[in-house]
Amino acid sequence: MRVAAGQFIVTSEWRQNAQTSVSLMQAAAEQHADLLVLPEALLARSDSDPDMSVKSAQSLDGGFMQHLKTQSRRDTLTTILTIHTPSTAGRACNTLVALRGGEVITHYHKLHLYDAFAIQESKRVDAGNTLPPLLEVAGFQVGLMTCYDLRFPDMALALALKGAEILALPAAWVRGPLKEHHWATLLAARALDTTCYIVASGECGTRNIGQSRIIDPLGVTLAGASVEPQLIISDVRREDLSRIRQQLPVLQNRRFALPQLT
């Protein structure tokens, strides 16, 4: 199976961001990828207005998604990204979307909101309250997470115990002291916790770090981006996953009770 992660700088204009997303979908399809992960909160972003993502919220039938659905009808990709969708007045959900065959085949409202490092995502965003379903892509079971979810090992473990073999993670990882270190460390740790591949896409630009990664179940980076817009691609192999899980059977050796969503 071939997986890809695309990163770019999200602008304040949703049509431009939609076109960039479509271009990355086209490029991934041309390189025969089965799965493409794009960054978090792709509708709109502005350094001068931290609430622009919420203010720009659209439904899953809105103009942004219509552009991506049109491209999705032309390829065989499963594309994963997040946008903000309206909830109550002045608020939104941070909604992960899985797109295939021109349709939204599943979606997930971000569980863990980024109320950390002097940022309060919950000020304008409503948290989800259910784990996302697993998604089958090219014979692999894919678990879905969004950005700050990465810091919570119970979520990754819960998905792996349900059968996830790949974890897909759209992100907009905010810059700050040691944040690049946190990102790289947590990606490797979640891979090792779960013996899953991880495909993580990070928005790049002045606010966020980029540094998209494809990680193997032993925490090794198979492909990585820097801080510029880029598409990265790697093959993931069933035989490698099986061999690693036989050598490192942490999912079988664990002694603690199953993690439960509160």
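This dialogue walks through a few features of the predicted model above.

Reader: What should I know before I start?

Author: This is a predicted model, in which local features need pLDDT of at least 70, side-chain atom pairs count only at pLDDT 80 or more, and totals for chains, interfaces and linings use all residues. Residues are numbered from 1 along each chain as its sequence is written, and side-chain values use heavy atoms, with hydrogens and water left out.

Reader: How many residues does the largest nonpolar core have?

Author: First, the term. A nonpolar core is a set of buried Ala, Val, Leu, Ile, Met, Phe, Trp, Tyr and Cys residues joined through side-chain atoms within 4.5 Å. Buried means under 20% relative accessible area, exposed means over 50%, and partly exposed lies in between (1.4 Å probe, protein chains only). Here the largest core has 48 residues. Leu-35, Ile-166 and Trp-183 have the most contacts inside it.

Reader: Which residues is Leu-35 in contact with?

Author: Contact means heavy atoms within 4.5 Å. Leave aside neighbours within four places in sequence. Then the partners of Leu-35 include Met-1, Val-3, Leu-77, Ile-80, Ile-166 and Val-199.

Reader: Is Leu-144 buried or exposed?

Author: Leu-144 counts as buried, at 0% relative accessibility. It is found in strand 10 (residues 140–144). Helices (H or I, at least four residues) and strands (E, at least two) are DSSP runs, numbered from the N terminus. Not counting residues up to four places away in sequence, Leu-144 touches Ile-80, Leu-96 and Met-155, among others. Take Ile-80: its C-alpha atom is separated from that of Leu-144 by 8.8 Å, and the two residues are 64 residues apart along the chain.

Reader: How many salt bridges does a search of the whole structure find?

Author: Side chains of opposite charge can pair when their charged atoms come close. A salt bridge is a side-chain nitrogen of Lys or Arg within 4 Å of a carboxyl oxygen of Asp or Glu. The search finds 13. Among them, Arg-2 meets Asp-235 at 2.8 Å, N to O. That pair links distant parts of the chain: Arg-2 is in strand 1 (residues 2–7) and Asp-235 in strand 15 (residues 230–235), 233 residues apart. Arg-2 is partly exposed, at 28%. Asp-235 is partly exposed too, at 29%.

Reader: What parts does the pair of Arg-45 and Glu-203 tie together?

Author: Their side chains meet in a salt bridge (3.4 Å, N to O). Arg-45 lies in the loop between strand 2 (35–37) and helix 2 (52–55), and Glu-203 in the loop between strand 12 (197–202) and strand 13 (213–215), so the pair ties together parts 158 residues apart in sequence. Arg-45 is buried, with a relative accessible area of 12%. Glu-203 counts as buried at 3%.

Reader: Which residues are linked in a network of salt bridges?

Author: Glu-40, Lys-110 and Glu-121 are.

Reader: At what angle do helix 1 and helix 3 pack?

Author: Two packed helices are described by the angle between their axes and the distance between the axes. Axes are lines fitted to C-alpha atoms, for helices over the stretch in contact, and angles run from 0 to 180 degrees between N-to-C directions. Helix 1 (residues 14–30) and helix 3 (residues 63–72) pack at about 20 degrees, with axes 9 Å apart. That makes helix 1 roughly parallel to helix 3. Angles under 35 degrees count as roughly parallel, over 145 as roughly antiparallel, 65 to 115 as roughly perpendicular and the rest as oblique. The contact includes Trp-14 and Met-25 of helix 1, and Phe-64 and Leu-68 of helix 3.
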